[in-house]
Amino acid sequence: MSTPRVRFAPAPSGSLHVGNARTALYNWLHARGNGGTFVLRVEDTDAERATPEGYEATLAALRFLGLEWDEGPEVGGPYGPYRQSKRQSLHEAVATALLEAGYAYEAFETREELEAEREAAQAQGRPPGYQGGHRDLTDAQRESFRAEGREAVVRLRTPDEGELVFTDVIRGEVTFAWKDVPDFVILRADGSPTYPLAAGVDDLAMGITFIARGEDLLSTTPRQILLADHVLDEGLLDRVLEAEGYAPRPDVERPRYAHLPLLVGEDRKPLSKRHGAVAVAEFRRQGFLPDVLANFLALCGWSYDDRTERFTVPDLIAKFSFDRVGSNPAFFDVDKLRALNGDRIKELDPAELADDLEPYFVEEGLLDQPPSAAQRQLLHDLAPLLQERIQTLAEAAPLVDWCFADEVAYEDKAVDKHLRKGRADEVLDAADAVFTELDDWDAESIMAVLDEVSERLGIGRGKTFQPVRVAVAGKAVSPPLPETLAVLDRGLVLDRIRSAKQLLGA
RNA sequence: GGUCCCGUCAUCUAGCGGCCUAGGAUGGUAGCCUUUCAAGCUGCUCACGCGGGUUCGAAUCCCGUCGGGACCA
């Protein structure tokens, strides 16, 4: 078998949906793992949905995930153009050739007539598909329809009987009876190609050998196979390609199909905006790492064995295979994604984590843009403390915002609970004194003097640490106190303790 | 309405005729640890939609049924 040529063909109607991202990932992994070629073809024929912003967002999402394409927009390749909107003349020419060869025909029914036909069929309990009424019109009939001002669509003729059996890489043998596949439209009345024609022709023209796509396209597969039969058997496509000035298609076998299980929400319905975030860009914004997203997406439908679930991207390339893609719907479990992300963050080199965190802190206004050397240093010092308490990058800033702010914002609840109670005032006085006199401003020494304070006052660590924490941070939750204080400026810490004392006095 | 796909713990998933008294993970929960929050460790949470059949033996194969989804309109 030759090396695979796979493609990802998104409609650029906004940022990439995670379901589509998974499709892209599987294709990409298949190509990378088998020495193949990953082709990106943008299906931007629907002018209303395909916006320039959507196009940019789609490419950005793919790049964020690391899914670089070998052929496609902005990188080119021998079988372009790779934007479907620029290939319309090819699709139209193929439709015309199909018409001339008798595989397709013009049909003139109006929308109302088709509607009536459908209702009649439903009423009689028959399937509602097109009945093929205009299959065998004479030239004269066609002329007379045209004279009435009717416009024709072009339909591809499907067999009346027999069945089509094909092997789906994931589902095995799938059978469709031709009687259930009505003649389908390949060219609309306005002359524009439909999805099956455009995608089918482009896949063949680009020499795609393996098509992994959503399960929703399973039932259109017989049409595409039929179309491919007609387009290929007579050398029809090759002639059109040449006539239209396109590169001859590569000499490869016909595409095999893999229909991926749907991604669903917790209610088992297809994943949509109702379920929360669905765009790759959104997960990126929330601070999920691209490798983790790829890891998680790979697991949505694929498994390696009965226990391994953490993979690096090179692991995935080496281990991914369509053999182990399941056929039941995959639940997009955000909790699991968060857990994976948290695990990966813990493993990150703290310096790397600090770099990853920087944009989020800038976004929150905690760091200047660009950050000063001191700010950057502080973030680097804080990174190891943050590491095991966050699952996403966006969660870090709220934990340590007080380290960067000029003024602490005291939370009433924390103040009431830890400063206005017990012997907080004594603790603060003691902390003020010992911190001021401390020789070495490091975590160990701070820990030691705080323990001394506890002992002297005869209270537990909690009763000592919490008032100090609230005094300095303004809230009851923070990374470990001595370690955090140690990376801060001692003067700042003392100021905070004094302002807390004032707060209590007032 | 028709065609196609799918149905294992609370959730996702492994399972492809004996290795299954069904494994892993997530979530929840209890305990330990503990300066808060986490993290970590230990335990609990125990499931093959239902009914037939094939077989010495079925989660695994077959038939039916119920349920969910996709597509066609």
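Is Glu161 buried or exposed? In this predicted model, local features need pLDDT of at least 70 and side-chain atom pairs count only at pLDDT 80 or more, while totals for chains, interfaces and linings use all residues. Residues are numbered from 1 along each chain as its sequence is written, and chains are lettered from A and ligands numbered from 1 in the order in which they are written.

Glu161 is exposed, having 7 other C-beta atoms within 10 Å. The classes rest on C-beta atoms placed from the backbone: 20 or more others within 10 Å make a residue buried, 12 or fewer make it exposed, and partly exposed lies in between. Glu161 sits in the loop between strand E4 (153-156) and strand E5 (163-168); helices (H or I, at least four residues) and strands (E, at least two) are DSSP runs numbered from the N terminus. Once residues up to four places away in sequence are set aside, Glu161 touches Trp178 and Lys179, where contact means C-beta atoms, placed from the backbone, within 7 Å. Glu161 and Trp178 are 17 residues apart in sequence, and their C-alpha atoms are 5.4 Å apart in space.

Turning to the overall layout, chain A is divided into domain 1 (84-259), domain 2 (348-403) and domain 3 (412-505), with bounds that come from an automatic or database domain assignment. A distance of 75 Å separates the C-alpha centres of domain 1 and domain 3. Leu137 belongs to the loop between helix H4 (111-123) and helix H5 (139-147), and it counts as partly exposed, with 17 C-beta neighbours inside 10 Å.

Helix H17 (residues 424-437) and helix H18 (residues 443-457) have axes that come within 10 Å and cross at roughly 140 degrees. Here the axes are lines fitted to C-alpha atoms, for helices over the stretch in contact, and angles run from 0 to 180 degrees between N-to-C directions. H17 and H18 are therefore oblique to each other, given that angles under 35 degrees count as roughly parallel, over 145 as roughly antiparallel, 65 to 115 as roughly perpendicular and the rest as oblique. The crossing of H17 past H18 is right-handed; the near helix is turned from the far one by less than a right angle, anticlockwise for a left-handed crossing and clockwise for a right-handed one. H17 contributes Glu426, Val427, Ala430, Ala431 and Val434 to the contact, and H18 contributes Val449, Glu452, Val453, Arg456 and Leu457. By class, the contact of H17 with H18 has seven nonpolar, no polar and three charged residues. Ala, Val, Leu, Ile, Met, Phe, Trp, Tyr, Cys and Pro count as nonpolar, Asp, Glu, Lys and Arg as charged, and the others, Gly among them, as polar.

H18 also packs against helix H19 (residues 461-473), at an angle of about 120 degrees and with the axes 9 Å apart. This angle makes H18 oblique to H19, and their crossing is right-handed. The contact brings together Leu450, Val453 and Ser454 of H18 with Arg461, Thr464, Phe465 and Val468 of H19. Its residues divide into four nonpolar, two polar and one charged.

For H17 and H19, the axes come within 9 Å and cross at roughly 75 degrees, which makes H17 roughly perpendicular to H19. Ala424, Val427, Leu428 and Ala431 in H17 meet Thr464, Pro467, Val468 and Ala471 in H19. This contact has seven nonpolar residues, one polar and no charged.

Elsewhere, Phe332 is buried, with 23 other C-beta atoms within 10 Å. Phe332 lies in the loop between strand E11 (330-331) and helix H12 (334-347). Leaving aside neighbours within four places in sequence, its contacts are Val18, Leu263, Val264, Gly265, Leu271 and Cys300. Most residues other than glycine have a negative phi, and most peptide bonds are trans. Glu74 has a positive phi of about 70 degrees although it is not a glycine. Glu74 is in the loop between helix H2 (52-64) and helix H3 (88-100) and counts as exposed, with 8 C-beta neighbours inside 10 Å. The peptide bond from Gln369 to Pro370 is cis, with omega near -5 degrees, and Pro370 is found in the loop between helix H13 (350-363) and helix H14 (373-387).

Note on methods
Two residues are in contact if their C-beta atoms, placed from the backbone, lie within 7 Å.
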